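Trainee: I am new to this structure. Could we go through it step by step?

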Amino acid sequence: MKRDYYDVLGVRRDADAGEIKKAFRKLARECHPDVNQHDSEAEARFKEAAEAYEVLSDADSRAAYDHYGFDGLRGRQMTDFEHVGFGDLFNIFFGGGMFDSVLRDAGGMWGAATGSAPAPRGDDVEARLELTFAEAVFGVTREVEVKADATCETCSGSGAKTGTGREQCPQCHGSGRMREVSSLGGFGQFIRTSTCTVCRGQGTIVKEPCETCLGTGRVRQTRVVPVDVPAGIADGQRLRLAGDGGAGSRGGRPGDLYVSIAVEAHDHFRRDGDDLIYRLDVTMVEATLGTTAYVPALDGDIEVQLKPGTQPGEVKSYRSRGVPVLQGYGRGDLRVVVNVLVPRQLTEEQSELLEQFSALSGEATYEPDQSFLDKVRAVFRQ
Ligand SMILES: [Zn+2]
Ligand SMILES: [Zn+2]
């Protein structure tokens, strides 16, 4: 049982053309396949609405329907919506993009796409920068080589040979868009618009191309870009330099430059977030008798006093001697971890002396360090 066309569109019987158009447009939006991909109900609803709109948007068909109902339409050329796929149906109406086409039959109800395409933005480019440990900690200004599009100097980016200009595109007559007309049964004519392939939407073409850039307005160039690396940057982070990428064409914005940071490992230092960890190697004898050691902190030596009986894994902390907080205030801490070196090779004489030392040692000589594992755990906070 077919539903009344006015009911389908949800309009009164005396609705004017504008109201009918508006009602169909609303239904089409609701049923669009981008929103209702596998919804057969949406497909059926749209087909029903399309048929109703086909009839009611045409004055003759509408009059015949008003007087005789469905019988009045017999013999008229009607679109066979049943046998058109859902996606195809939308393509017929809306040219693939819902807002990219004009439905001429409805007096341009979708709004004609006018004006040329915006000037294309330049490409984003990538570069890599290797830093020493200290450069990453304190920041540095370095240079990277970047291969990217630059505005052609010969034609100042216009793409036209010196002394010549640009002229209207003969294909689209300056609109930057091409129109393709198709008709569908009794429904009327449809215009599908797309970007002009001759001028790529610009609306103009060069009469004679610039010899340097062959009309593109851009040339591939290797540039040296200074990069201010902020203090505290870490391995694997990426810096974005806005506008330092490839040039845009014909007034388009330039792209961005992304610099990936790689930081060399350090023999003695490790990063733990903003904290620095330093491994202080001392001999078994130094740890036993006590000693004065120097830690080459990144901003000057630190004198470290080790008392007699210093245990492996002992940690000494120095506030604000670590890594500056990236784009923030203050610095992390420096933690010096004692590593006791145990002899690997001994002469006979050394062995004998140690044997003698052992014979003279008692329980009081070695007092186990109960907190050893806790210390190890405390070295790395993160
Ligand atoms: Zn064109
Ligand atoms: Zn040029």
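Trainee: How much space lies in the largest pocket?

Mentor: Keep in mind that this is a predicted model. The volume is the space filled by probe spheres. For the largest pocket, that comes to about 610 Å³.

Trainee: Which residues lie nearest the centre of the largest pocket?

Mentor: The lining has 17 residues. They divide into 10 nonpolar, 6 polar and 1 charged. Nearest the centre are Met284, Thr288, Phe357, Thr365 and Tyr366.

Trainee: Which element gives the most to the lining of the largest pocket?

Mentor: Look for elements that give two or more residues. These are α7 (284–289) and α8 (348–359). The most, 5 residues, comes from α7.

Trainee: Now the helices. Are α2 and α3 roughly parallel or antiparallel to each other?

Mentor: Helix α2 spans residues 17–31, and helix α3 spans residues 40–56. Their axes come within 9 Å and cross at roughly 165°. Angles over 145 degrees count as roughly antiparallel. Therefore α2 and α3 are roughly antiparallel.

Trainee: Which residues of α3 make the contact with α2?

Mentor: The crossing of the two helices is left-handed. On the α2 side, the contact uses Ile20, Lys21, Phe24, Leu27, Ala28, Glu30 and Cys31. On the α3 side, the residues are Ala42, Arg45, Phe46, Ala49, Ala50, Tyr53 and Leu56.

Trainee: How many charged residues does the contact of α2 with α3 have?

Mentor: Sort the contact by class. It has 11 nonpolar residues and no polar ones. Asp, Glu, Lys and Arg count as charged. Charged residues in this contact number 3.

Conventions. Residues numbered from 1 in each chain as written. Chains lettered and ligands numbered in written order. Predicted model: local features only at pLDDT ≥ 70, side-chain atom pairs only at ≥ 80, totals over all residues. Heavy atoms only, no water. Axes fitted to C-alpha atoms, helices over the stretch in contact; angles between N-to-C directions. Helix = DSSP H or I, 4+ residues; strand = E, 2+ residues; numbered from the N terminus. Parallel < 35°, antiparallel > 145°, perpendicular 65-115°, else oblique. Left-handed = near helix turned anticlockwise from the far one by under 90°. Contact = heavy atoms within 4.5 Å. 1 Å grid on protein atoms, 1.4 Å probe; cavity = no way out; pocket = protein on both sides within 12 Å on 5 of 7 lines; lining within 4 Å.
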